[in-house]
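Please keep the viewer open as you read.

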Amino acid sequence: TKSFLTKSSYTAIPVFGWTQYLASDIIVNLSSPESRKKCQDDCVAMIKDGWSVVMYPEGTRSKSPPSLSNFRRGPFSVAKESNAKLLPIVLKNSFHGMGRRLDCSKGEMEIVILEPVSMEDKTIDEGMEV
């Protein structure tokens with residue numbers, strides 16, 4: 001079973017937002033430290049219960065594609081705390097088909113699945129460098 005980590009602003013989008021609640025997605029308000037902490041605790045609990053949690057380490061799409069934005073600490077601290085491996089998945093050229101406002105157009109994208117990364121012997125900062 002899987003769940004997505006989703007920004008609370010997306011829940012206001014008709015149909016898309018409703019399905020997030022129905023699918024047991026984890027909703028986070030990024031401007032609230034309490035929400036971010038609860039979200040991290042929920043992610044760890046779900047992983048320990050056997051769920052996979054999909055997180056986007058940048059937190060949002062890059063403002064200057066194709067370059068990456070800085071990674072946030074959350075996914076790496078969740079992996080460290082839950083003793084889970086990270087499975088990096090790279091979406092190459094996704095910016096060709098998806099604009100900043102969730103408008104989609106025709107484009108080709110390559111999906112690359114990298115080797116799992118263990119956080120067991122790494123600090124969060126070291127994990128972010130991988």
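## Ground rules and a crossover

A crossover is called right-handed if, with the strands pointing away from the viewer, the path from the first strand over the helix to the second runs clockwise. Helices (H or I, at least four residues) and strands (E, at least two) are DSSP runs, numbered from the N terminus. With that in hand, look at β1, helix α1 (residues 16–22) and β2: together they make a right-handed β-α-β unit.

The model is predicted, so local features need pLDDT of at least 70 and side-chain atom pairs count only at pLDDT 80 or more, while totals for chains, interfaces and linings use all residues. Residues are numbered from 1 along each chain as its sequence is written, and side-chain values use heavy atoms, with hydrogens and water left out.

## The parallel sheet

Which order do the strands of the open sheet follow? The 3 strands are arranged as β2-β1-β3, with parallel pairing; two strands pair if DSSP finds at least two bridges between them. The edges are β2 (26–28) and β3 (52–54), each of which pairs on one side only. On average, neighbouring strands here are turned by 20 degrees against each other, direction ignored. For such angles, axes are lines fitted to C-alpha atoms, for helices over the stretch in contact, and angles run from 0 to 180 degrees between N-to-C directions.

Strand β1 (residues 2–7) pairs with β2 in the parallel sense over 3 bridges. Along that pairing, Leu5 stands opposite Ile26 in β2, and Lys7 stands opposite Val28 in β2. Strands β1 and β3 also run parallel, joined by 3 bridges, and Ser3 has Val53 as its bridge partner in β3. As background, strands of a sheet pair through backbone hydrogen bonds, either parallel or antiparallel.

## Helix α2 on the sheet

Helix α2 (residues 33–48) packs on the sheet and touches β1, β2 and β3, where contact means heavy atoms within 4.5 Å. The direction of α2 makes about 160 degrees with that of β2. This helix has 16 residues and reaches 23 Å from its first C-alpha to its last, close to the 22 Å expected at 1.5 Å a residue; the expected span is 1.5 Å times one less than the number of residues.

Which residues of α2 are buried? They are Ser35, Cys39, Cys43, Val44, Met46 and Ile47, with buried meaning under 20% relative accessible area, exposed over 50%, and partly exposed in between (1.4 Å probe, protein chains only). These buried residues pack against β1, β2, β3 and α3 (74–82). Just after α2, Gly50 takes a positive phi of about 100 degrees.

## Salt bridges

How many salt bridges does a search of the whole structure find? The search finds 4, taking a salt bridge as a side-chain nitrogen of Lys or Arg within 4 Å of a carboxyl oxygen of Asp or Glu. One of them joins the side chains of Asp41 and Lys37 (2.8 Å, N to O). Asp41 and Lys37 are 4 residues apart in helix α2, so they are separated by about one helical turn. Asp41 is partly exposed, with a relative accessible area of 33%, and Lys37 is partly exposed at 46%.

Asp42 forms a salt bridge with Lys38, with the closest N and O atoms 2.7 Å apart. Both Asp42 and Lys38 lie in helix α2, 4 residues apart, about one turn of the helix. Asp42 counts as partly exposed at 27% relative accessibility. Elsewhere, Lys122 pairs with Asp121 in a salt bridge whose closest N and O atoms are 3.7 Å apart. Lys122 is partly exposed, with a relative accessible area of 22%, whereas Asp121 counts as exposed at 63%.

In α3, the buried residues are Pro75, Phe76, Ser77, Val78, Ala79 and Ser82. What covers them includes α2 and α4 (124–129). After α3 comes Asn83, whose phi is positive, near 60 degrees.

Finally, visit Gly107, which lies in the loop between β4 (89–92) and β5 (110–113). Gly107 counts as partly exposed at 49% relative accessibility. Gly107 and Lys92 are 15 residues apart in sequence and 11 Å apart in space, C-alpha to C-alpha.
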